[in-house]
Each structure stands twice: as structure tokens, then as C-alpha cells.
Amino acid sequence: SGNEQALVLMNDDLTIVFDRVSGEIAAFTYKDNIIFRQSPETVFWRPPTDNDFGNRMPMECAVWKNAGKNRRLESFDLKKIDDYHYRAVSNFFLPDVSSKNIITYDIHSSGDLVINTHFIPEKEGLPEMPRFGMRMLIPEGFEKMSWFGQGPHENYRDRKTSAFVGLYESMVTDQYTPYISPQENGNKTDVRWMALSKDNGSGILFCGMPLM
């Protein structure tokens, strides 16, 4: 159902609203829990580390900083796969890098949302992409964190010899590292899944396909 701008899919447990104008998820609730405060969006940037400043990454790769944010919707389509599965596809143009980003949302009646994001370069000579991933904003309260991946401390591709794959638990607040020079922190590599939960037990499970 829906009006000219909003398209609504719902069952007894799940409500998901798409904005046809922006191509984004406007609302996502499951069993009365608000899941997203801001729709998942593709990002190509990360806060520079000290090493990045040393090799001029913030200047050399600056074109990627707002590439996802400045996206422009070219088309939005929703198809019914079967009674329990719908697929929405948002095609974006990224003027900052003259390229395309296609995001596919597979919505299942179980409450599972499978997201695939594809970057299609259409310009030669683009600088190195600092990150290719997704970012979203969730409500306060999902403070408990557990994950199956490398840990327990912060680790990166070039900084994970002492981080072993295992099942770990921590708190979201504890992922912050007060570096003297503010920079990216709290990263985890080779994550199979991560769960964020509230004190009442409700939570969100993120699964890699196969890794995050």
C-alpha cells in the first residue's frame, strides 16, 4: 500500500516504508521496535588515521568523502517475488565520481532484510577508494554487542596479528578509543556476524555474506 511518495509493506510483525522519491527506507519496525533511524546508505569514506595523513589520503581521495551522500536517484522499482518476499531496487547516480550505485533490498516476511550494494565505475582515473561499505543510524539502547570475528580489541587488515577469530562480547561505548589525534577506531575484521541488543533482549543481527 502507500501514496505517491511512500510505499508500505507490512504484516503482523514487520512494517517497512520506502520513499519513492529518495529510494531509501523511510521506516523499518519489527515487533514495535524501531530498527532504523536513518536508512542504510553506501559510503566510500572513513575517518583518516595518522598513517593516512602521512600519505596525503585525505587530500588525494577527497572526491570519495561525500560521493554517497550526494547521490541522485535515477529509478526505484519494487517487485513481488512471492507472498513472503519482495525486492526493491534503487539506482543512484553519484555525480562526485560520475559513477553509479545500485542497492537491492530483499524483504522477507520473517523480518530478514538482505541488502546488496553495487558500485559501477564509469569514470577513469578515480583515486583509491578508502572504504566500500554501508552506514545506518539505529536508535539508542542497542548497547550490548556480540560478534563472531576477529577480536577482542580493535583490528584492521594491516593490524590484526594479535586478533583471533572467536565469539566476543562487549559494549558499544567501549569500542571508542580516545586517540590524541581523533581518527577511525573500533574496527573489527573478518566478522561473520554481529548482534546489537537492548537490556530487554530485543536486538538486531547483522550477517556477513560471508564476511564483514
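In this predicted model, strands β2 and β3 form a hairpin with four residues between them. G23 lies in that turn and has a positive phi of about 75 degrees. Strand β3 covers residues 24-30, runs antiparallel to β2 and is joined to β2 by six bridges.

Strand β1, residues 6-10, runs antiparallel to β2, and five bridges join the two. Strand β2 itself, residues 14-19, is mostly covered, with five of its six residues buried.

A search of the whole structure finds one cavity of 30 Å³ or more, and the volume of the largest cavity is about 30 Å³. Its lining consists of E24, P40, E41, T42, R71, F92, N101, I103 and Y105. Two or more of the lining residues come from each of β5 (38-43) and β8 (99-108). Sorted by class, the lining has four nonpolar, two polar and three charged residues.

How confident is the predictor, and which elements have the lowest and highest mean pLDDT? The average pLDDT of the protein is 93, and 99% of the residues score at least 70. Among the elements, strand β4 (residues 33-34) has the lowest mean, 88, while strand β11 (residues 144-151) has the highest, 98. Where pLDDT is low, the predicted coordinates should not be read in detail.

Note on methods. Residues numbered from 1 in each chain as written. Predicted model: local features only at pLDDT ≥ 70, side-chain atom pairs only at ≥ 80, totals over all residues. Heavy atoms only, no water. Buried < 20%, exposed > 50% of the residue type's maximum accessible area, 1.4 Å probe, protein only. Pairing = 2+ DSSP bridges. pLDDT = per-residue confidence, 0-100. 1 Å grid on protein atoms, 1.4 Å probe; cavity = no way out; pocket = protein on both sides within 12 Å on 5 of 7 lines; lining within 4 Å. Points joined across faces, edges and corners; volume = space filled by probe spheres on them. Nonpolar A, V, L, I, M, F, W, Y, C, P; charged D, E, K, R; others polar.
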